[in-house]
Amino acid sequence: MMDRNRYARVVVGIPVDNIFDYLIPEPLLERLKVGMRVLVPFGKRRLLGYVIGIADKAEVTDIKEVREVLDDEPILPENLLKLTRWMANYYFYSWGMAIKTSLPSRLNSPVHKARKRKVSETDKYERLHLPERSDIALNKFQFDALKRIKEGLKNGGFNTFLLHGIAGSGKTEVYMQAIANLGEKGAIVLVPEISLTSRFVMRFRKRFGRRVAVFHSGLSEKERFDEWRRIHKGESEIVIGVRSAVFAPFRKVSLIIIDEEQDPSYKQEEGLRFNARDVAIMRGKIEGANVILGSSTPSVESFYNARKGRYHYLSLPERIDRRPFPAISLIDISKEKKKIISDRLREGISDRLERGEKVLLLINRRGYSPFILCRECGYSPGCPDCSITLTYHKVTNKESVNPVLKCHYCNYKTAPPTICPDCGGINIGYIGVGTERAEEEITKSYPEASILRIDRDTTRRKTTFYRVSRETFQEEGITNQDTDIILGTQIIAKGNDFPSVTLAGAVWADGGLHIPDFRSGERTFQLMTQLAEKVGTGEIPGELIIQTHNPDHYSLRYIKANDYYGFYKEEIRLRKELRYPPFYRIIRIIIKCDNEEGLVKKIPELKGIIKASDTKDIEILGPAPAHIYKLKGMYRWHLILKGKSHVSLHNYASRLNETIKERKFPGIRIDIDVDPIRMV
């Protein structure tokens, strides 16, 4: 007898790779559709599942029924099902977990019930800024770039553009005029940090009004769901947000913009380790959309792709008002007798303050000192759950004035010792400089100056951090005459314009150069360039002073010369010589366990598995202890896989992963990081 039943093909939001078949009960046959959420029995549990297909036949015989359908209409359009399927395969993750990652948290709860929408934080922009529909006149470079983007939009199909433009060259205006040519088709604008969204939202809301939705974790759970629902219902055609906005539930996207495409914040470091930039490009390919990668310092990989013709290269080489790039000086701080602020930088600060101009100081370390040290025996307190030293915070925040030692990875805290627990000595030293210590030094040197410190300690809550550019930078005096010196971590170098700042100083530019990562030189070049771009954007020319122990390092030399192309040639030569991206692809496999002895005992067996599966196409480094050997209570070894062919590399990593899983090492977890951004 012919089987007239129908079956839902379901994936569940747990780390299981299988697709499961469930019988669709008669009352649900007409209602259930692909892209809906369902409740299904799973062993002794009931789990939330996502319907990825409907079939006339089941793959197995022991079939259970779908218990409940949670949606009145599909929440996952076909394009997002394809995208999450690709992500699951590419990043070695279960499809159900990839879908779960793409949805707001409320939709990953089986008890969610929609309620009447209230005014959200993002709607407050609407009250303050009415739409202004007129476009701004473009200069020649902007006009040429927009013309080529328009051609891509008109012709249809997938294109990727690299828009290489220095700060102040008008990239944002090109973005907005490109979106204006879409009509009511969907556009996604990604920014790397929550704190940068407000600047974009205000500008885009002025131009496009209610068409703009905002999506990031700085909003409350309810606000994120309300924005998601607006997009899903077609009430917004433009979405601005951080990496999660790449999953905006448009049924059709025509344009995706990734601003500051080189920023490592686009890479998620835990769970599904996806890079939103690469996912955006794949979404563009799936949907036949155009993708714009914008940057003043493109990643080496993106610039290489543009040079090879894989991306369309667009250049904005001049600031809108043709103001000059700031003069840049390198100061060898090792010759300054342990001074935090060099004589040259100190003179520059005094000069600017006398003239009523503002100063921007970058210290890319939080806290007072990176660590404390017993000068008698060398003891330095470390985190019990991470193999790193604890950072000394003299004053943690406005609510707490007690000094504390803090781990910036797991947030472990303890009181700093006054007596060394190893030798009983009392000669405790504070080593290195963080933002707190620099603020203290600057306050002593310039007691009459108004100083504002910006880091994650002064902007603790996510919502406060999100509003830092809209409120702190405006209401606390950076745009008026109340603040003289702005001091902070790399957040101050990202995205915010300071027209009255004429001097910037990098107090210690070497921090990133000492990280064991092949991208350390590139990141230093990018950060210093971003800092330089914040200076002299007003009427008065600017200056950047960089304090360093490595004035001959190639990344700093090319910063001084304001020469991205020279830096790229040097960097690409090293990458080729050392077999790193873009010439080789990389997959990092992290092996971790909360029992160090158990993990170390299994390493020889793991080495045997690796040796047995060796291939000439793949270069294997390790396994070896990770640079941060213990992290959040887990001991970590890792191995690096390198190969010219991504397909061969991916297939090898897949086989190796399956073999390790089949051996069922008790207590050992395997994380796979495809295209890793950090190697620590």
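The model is predicted, so local features need pLDDT of at least 70 and side-chain atom pairs count only at pLDDT 80 or more, while totals for chains, interfaces and linings use all residues. Residues are numbered from 1 along each chain as its sequence is written, and side-chain values use heavy atoms, with hydrogens and water left out.

**Exercise 1. Strand β7**

Work out why strand β7 (residues 159-165) is largely enclosed by the rest of the structure.

Step 1: Recall the terms. Strands (E, at least two residues) and helices (H or I, at least four) are DSSP runs, numbered from the N terminus. Buried means under 20% relative accessible area, exposed over 50%, and partly exposed in between, with a 1.4 Å probe and protein chains only.

Step 2: Look at the two faces. In a regular strand the side chains alternate between the two faces of the sheet. On one side of β7, N159, F161, L163 and G165 are buried, and on the other T160, L162 and H164 are buried too.

Step 3: Conclude. Seven of the seven residues of β7 are buried, so this strand is largely enclosed.

Step 4: Find the partners; two strands pair if DSSP finds at least two bridges between them. Strand β12 (residues 290-295) pairs with β7 in the parallel sense over six bridges, and T160 has V291 as its bridge partner there. Strand β13 (residues 312-316) is also parallel to β7, over five bridges, with L316 as the bridge partner of G165.

**Exercise 2. The open sheet**

Find which strands stand at the edges of the open sheet of six strands.

Step 1: Write down the order, which is β14-β24-β23-β15-β22-β21, with parallel pairing.

Step 2: Read off the ends. β14 (327-332) and β21 (451-454) each have a single partner strand, so one side of each is left without a neighbour in the sheet.

Step 3: Check one end. β21 and β22 (residues 485-488) pair over four bridges, and I451 has I485 as its bridge partner.

**Exercise 3. The largest nonpolar core**

Name the residues that touch the most other members of the largest nonpolar core.

Step 1: Define it. A nonpolar core is a set of buried Ala, Val, Leu, Ile, Met, Phe, Trp, Tyr and Cys residues joined through side-chain atoms within 4.5 Å.

Step 2: Among its 110 residues, the answer is I99, L190, M528, I546, I587 and L641. Helix α1 (residues 78-90) gives the most to this core, with six residues.
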